[in-house]
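Visitor: Could you take me through the sheet and the core packed around it? I would like one connected account, with the cut-offs spelled out.

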Amino acid sequence: MPDRITKEQRSRNMSHIKSKDTSIELLVRKYLYHHGFRYKKNVRSLPGTPDIVLEKYHTVIFINGCFWHHHDNCKYAVMPKTRKEYWVKKINRNVDNDVKHYNQLRRLGYKVITVWECEIKEAFEGRMKLLIEEITE
Ligand SMILES: [Zn+2]
């Protein structure tokens, strides 16, 4: 079914364009839910609108796209060759905001955990086990 393949490719391409990759967020949420964790999602009342908030553990989780949040030394975080200046400026602004929001959240008493797109794509089980350790430690 060539049309289906095209659609999958398109959605894969789109995941690099969207600032939020909802499919990887969903994987993390499902995993946590199946392991008994209850959470709120996309909490706008907190700095940076955390993707997952676990009030019981005073913990927030950001699931970050490697490109959009500039995961250091990550193959997914390579800047495009065209309009490089535009992208560098844009991504730097995202990173500045991330740092600001994480600090604000820590001041509010939250543990801040970042899960990267590449960790989910390439080492999901291991990353999720570690995530649960980070939440509950
Ligand atoms: Zn990465």
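Guide: Happy to. Helices (H or I, at least four residues) and strands (E, at least two) are DSSP runs, numbered from the N terminus. Read along the sequence, the pattern of the chain is α-α-β-β-β-α-β-α-α, with five helices and four strands. Residue numbers start from 1 along each chain, as its sequence is written. The model is predicted, so local features need pLDDT of at least 70 and side-chain atom pairs count only at pLDDT 80 or more, whereas totals for chains, interfaces and linings use all residues.

A word on confidence comes next. pLDDT is the predictor's confidence in each residue, from 0 to 100. Its mean over the chain is 89, and 85% of the residues reach 70 or more. Over residues 10-19 pLDDT stays under 50, and the model has five contacts beyond four places in sequence for them. A contact here is a pair of residues whose C-beta atoms, placed from the backbone, lie within 7 Å.

Now to the sheet. Strands count as paired if DSSP finds at least two bridges between them. The four strands form an open sheet in the order 1-2-3-4, with mixed pairing. Strand 1 and strand 4 are at the edges with a single partner strand each, so one side of each has no neighbour in the sheet. Strand 2 and strand 3 pair through three bridges in the antiparallel sense; L54 has T59, in strand 3, as its bridge partner.

Two helices lie across these strands. For the angles, axes are lines fitted to C-alpha atoms, for helices over the stretch in contact, and the values run from 0 to 180 degrees between N-to-C directions. Helix 2 lies across strand 1, strand 2, strand 3 and strand 4, at about 145° to strand 3. Helix 5 lies across strand 2, strand 3 and strand 4, and runs at about 175° to strand 4.

A residue is buried if 20 or more other C-beta atoms lie within 10 Å of its own, exposed if 12 or fewer, and partly exposed in between, with C-beta atoms placed from the backbone. A nonpolar core is a set of buried Ala, Val, Leu, Ile, Met, Phe, Trp, Tyr and Cys residues joined through C-beta atoms within 7 Å. The largest such core has 20 residues, of which I52, V60, I61, I63 and V115 touch the most other members. Two or more residues each come from helix 2 (22-34), strand 2 (52-54), strand 3 (59-64), strand 4 (111-116) and helix 5 (124-136). Strand 3 gives the most, four residues. Setting aside neighbours within four places in sequence, I61 has contacts with P50, D51, I52, I113 and V115. Across the chain, buried residues make up 22% of the 137 residues.

E125 and Y31 are 94 residues apart in sequence, yet 9.3 Å apart in space, C-alpha to C-alpha.

Finally, a backbone detail in a loop. Most residues other than glycine have a negative phi. N42, in the loop between strand 1 (40-41) and strand 2, has a positive phi near 45°. N42 is exposed, because it has 12 C-beta neighbours inside 10 Å.
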